[in-house]
Amino acid sequence: MNTLFYLLQETAAGGDAAGATPTILGIPTQMFFMIGLLAVFYFFMIRPQQQQAKKEKSFREALSKGDKVMTIGGIHGVIEKIADATVTIKVDDNVKLVMEKSALKAIPTAEESK
């Protein structure tokens, strides 16, 4: 009887009773864990992916005739003609390829073009 009275008194007074959830500033600690987990996902996964997509979009918008480019498949060439969604690439003297802009990877560096 004394134990039951003690637990009821502690619960009414706001003390730690059996089964009470630990809190920090009145917020359950599980909530802090979830917020921290979301922050880690945002800063290590979502944000870098958004920055990469933004960088690729600006690369594709800055393409111009005469730029040396490389496709996702590793084909090197020079841009001959640019349309809305496609690009014509000159690969050799009489070889031209029409590709989607999204298939272009980058402008090759000096080491890649050797």
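1. Of the 114 residues in the protein, 15% are buried; buried here means under 20% relative accessible area, exposed means over 50%, and partly exposed lies in between, with a 1.4 Å probe and protein chains only. This is a predicted model, in which local features need pLDDT of at least 70 and side-chain atom pairs count only at pLDDT 80 or more, while totals for chains, interfaces and linings use all residues. Residues are numbered from 1 along each chain as its sequence is written, and side-chain values use heavy atoms, with hydrogens and water left out.

2. Overall make-up. The protein has 2 helices and 7 strands, where helices (H or I, at least four residues) and strands (E, at least two) are DSSP runs numbered from the N terminus. Their order from the N terminus is α-β-β-α-β-β-β-β-β. Among contacts with a separation of 6 or more, 28% join residues 24 or more positions apart; a contact means heavy atoms within 4.5 Å.

3. The sheet. Five strands form an open sheet in the order E6-E5-E4-E3-E7, with antiparallel pairing; two strands pair if DSSP finds at least two bridges between them. Strand E6 (95-100) and strand E7 (104-106) are at the edges, and each has a single partner strand, so one side of each lacks a neighbour in the sheet. On average, neighbouring strands of this sheet are turned by 50 degrees against each other, direction ignored; the strand axes are lines fitted to C-alpha atoms.

4. Strands E5 and E6. Strand E5 (residues 86-92) pairs with E6 in the antiparallel sense over 6 bridges. The two form a hairpin with 2 residues between them. Within this pairing, Ile89 stands opposite Leu97 in E6.

5. Strands E3 and E7. Strand E3 (residues 68-71) is paired with E7 over 2 bridges, again in the antiparallel sense. Thr71, found in strand E3, has Leu104 in E7 as its bridge partner. Thr71 counts as buried, at 1% relative accessibility. Leaving aside neighbours within four places in sequence, Thr71 is in contact with Ile89, Met99, Ala103, Leu104 and Lys105.

6. Ile82. This residue lies in strand E4 (residues 76-82). Not counting residues up to four places away in sequence, Ile82 touches Leu63, Ser64, Lys65 and Lys101. Ile82 and Val98 are 16 residues apart in sequence, and their C-alpha atoms are 9.5 Å apart.

7. Salt bridge. The count comes to 1 salt bridge, taken as a side-chain nitrogen of Lys or Arg within 4 Å of a carboxyl oxygen of Asp or Glu. Lys96 and Glu80 form a salt bridge, with their closest N and O atoms 3.6 Å apart. Lys96 is in strand E6 and Glu80 in strand E4, so the pair ties together parts 16 residues apart in sequence. Lys96 counts as exposed at 51% relative accessibility, whereas Glu80 counts as partly exposed at 26%.

8. Surface. The protein exposes about 9200 Å², of which carbon and sulfur atoms supply 60%; accessible areas come from the Shrake-Rupley method with a 1.4 Å probe, and for residues only the protein chains shown count as cover. Phe33, Met34, Leu37, Val40, Phe41, Tyr42, Phe43, Phe44, Met45 and Ile46 form a nonpolar surface patch with about 1000 Å² of accessible area together. Patches are made of residues with over 30% relative accessible area and no salt bridge, with like charges joined within 9 Å and nonpolar side chains (Val, Leu, Ile, Met, Phe, Trp, Tyr) within 5 Å. Val40 has its place in helix H2 (residues 29-61), and Val40 is partly exposed at 44% relative accessibility.

Definitions and conventions
Axes fitted to C-alpha atoms, helices over the stretch in contact; angles between N-to-C directions.
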